[in-house]
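Subject: A structure to look at

Hello,

Here is the structure I promised to pass on.

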Amino acid sequence: MAGIGVKLNKIYSKNTVSTSLFGFGYSTAITIAPMFFVILTVMLMQYLLGFSSLGYTSRELYACTVLYIFIFALLSASPFNAVLSKYMSDVIYWETYEDILPCYYVGLILNLALSSLMGIPFCIREYIVGKVPLEFVLAGYMGYISLVLVFYSMLYLSICKDYKMISLYFLIGMTFTILLSLLLVKVFKMDCILGMLIALDAGFLLVAILEFALIRSYFRKNSGKYKEVFVYFRKYWQLILTNFLYTLGLYIHNFVFWTTDMRMVVVKSFVCMQSYDMATCLAMFTNITATVIFISRVEMHFHGRYKRYSEAVIGGRRMDIEDSKVRMFSQLAEELMNLVRLQFIVSVVVFIFAIIFLPRLGYGGLVMQIYPCLAAGYFILFTMYAEIIFLYYYNDFDGALITSLAFCVSTLIGAWFSTFLTPIWYGIGLVGGSLVGFFVAYFRIRYIEKNLDVHIFCKGNLMKRGQGSRPSNLVYSRPKKYERKNRLL
């Protein structure tokens with residue numbers, strides 16, 4: 001994570017209020033701007049095309065389609081992202097850049113294959129059982145695949161630290177989406193929800209094409225070493241499960257409430273619970289700045305301490321190693337505490353504004369009853385994810401997997417239990433699951449701190465590992481002629 005640190009250090013080095021605000025805005029723009037562009041685009045299309053005047057069924061069909069596109073595109077991409085990120089980081093470290101394109105193509109094929117397998121059965125049911133027009137089903141499926149391509153290519157550009165280009169491409173794609181939706185609905189008189197969905201598909205596809213073109217401009221040579229990518233999937237299988245379980249945990253509490261009597265079923269295919277899903281969305285937005293704060297501070301502070309420790313391990317004295325280790329872990333603890341303090345202030349401010357203004361915008365009733373508990377849950381959750389990232393720094397993949405598993409399972413059990421409570425406690429499952437994951441990761445980091453020397457210096461093998469029968473444990477055998485002499489004596 002050393003991409004934006006130099007720029008942020010230059011901004012914050014002036015130590016003024018204006019530069020601090022500018023630095024926060026800059027880090028926000030290059031990290032979470034794509035999400036805001038998409039949200040703004042969806043809202044503008046609905047406003048400009050008179051979405052509110054449509055029938056209730058049409059509006060819910062469109063809303064559920066967009067919801068499912070985003071959730072399941074993230075889920076289908078999650079098993080591959082962490083492993084491919086690890087492979088690409090190693091390739092960049094080794095400076096064998098010609099191995100990046102094989103990694104890109106292998107991951108792309110695997111991701112598309114899994115995404116297609118997940119999406120095709122649902123689309124068949126939507127068309128046959130739900131009686132949804134075929135053109136709308138195909139538009140939804142293409143939007144899902146296009147977003148999978150976008151998320152996948154974003155992984156490579158993020159590793160290359162090209163956040164600004166990602167934001168620029170989303171701005172171009174979403175601007176094109178708005179213009180195309182106006183053209184399809186206003187000029188060609190296409191059905192409103194179909195026109196908006198096709199325009200959104202085209203915008204996502206344009207973003208994916210631009211991202212792919214930029215990747216190909218960075219990496220022109222192809223080594224053809226596709227087999228080595230599959231080796232990484234076998235070697236770092238913990239990363240597959242860790243990222244998938246974490247992503248699943250983000251939504252598993254929603255899935256639990258989709259099975260209750262409060263759920264809404266649209267065209268016998270889509271299932272959702274509007275109040276809980278909207279409260280979840282608001283709670284995530286309340287705490288989304290945690291991502292900005294974490295990236296900014298880790299880029300500027302912790303990464304330097306980690307680098308100095310690594311350099312001391314390679315060629316420093318024992319005193320230097322011990323000193324840099326103490327400084328590194330003290331910085332780690334400081335970053336976690338600063339993240340909690342700063343995000344708590346931001347979350348409280350956003351929460352107060354939400355409580356005051358959202359009811360005036362129509363978000364009241366059950367949504368605002370569920371929202372506070374979920375906001376607290378996502379506050380803890382994003383802090384837990386920061387700990388998972390720190391575990392990645394120390395190659396503690398088992399610890400990261402245990403954390404994600406504990407988080408996901410605890411959230412599932414807690415969400416099921418919360419369905420029997422009053423609405424104000426519906427989010428207690430996420431709170432409990434996030435707390436469990438947080439403490440598991442915390443104690444794992446403490447374990448790494450106490451055993452870091454063993455973790456760093458006692459791993460590896462003196463002899464090359466292989467398969468076969470175990471060699472004999474006989475070290476030395478005296479020749480028989482010496483045995484005869486001893487007997488005679």
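Below is what I found, starting with how to read it.

This is a predicted model, in which local features need pLDDT of at least 70 and side-chain atom pairs count only at pLDDT 80 or more, while totals for chains, interfaces and linings use all residues. Residues are numbered from 1 along each chain as its sequence is written, and side-chain values use heavy atoms, with hydrogens and water left out.

The largest nonpolar core has 134 residues; such a core is a set of buried (under 20% relative accessible area, 1.4 Å probe, protein chains only) Ala, Val, Leu, Ile, Met, Phe, Trp, Tyr and Cys residues joined through side-chain atoms within 4.5 Å. Tyr62 is among the residues with the most contacts inside the core, along with Leu84, Tyr156, Phe390 and Tyr394. Beyond its neighbours within four places in sequence, Tyr62 is in contact (heavy atoms within 4.5 Å) with residues including Val42, Phe51, Phe136 and Leu200.

Lys189, in the loop between helix H7 (163–187) and helix H8 (192–218), has a positive phi of about 55° although it is not a glycine. Lys189 is exposed (over 50%), at a relative accessible area of 66%. Val267 sits in the loop between strand E1 (264–266) and strand E2 (270–272); helices (H or I, at least four residues) and strands (E, at least two) are DSSP runs, numbered from the N terminus.

Best wishes
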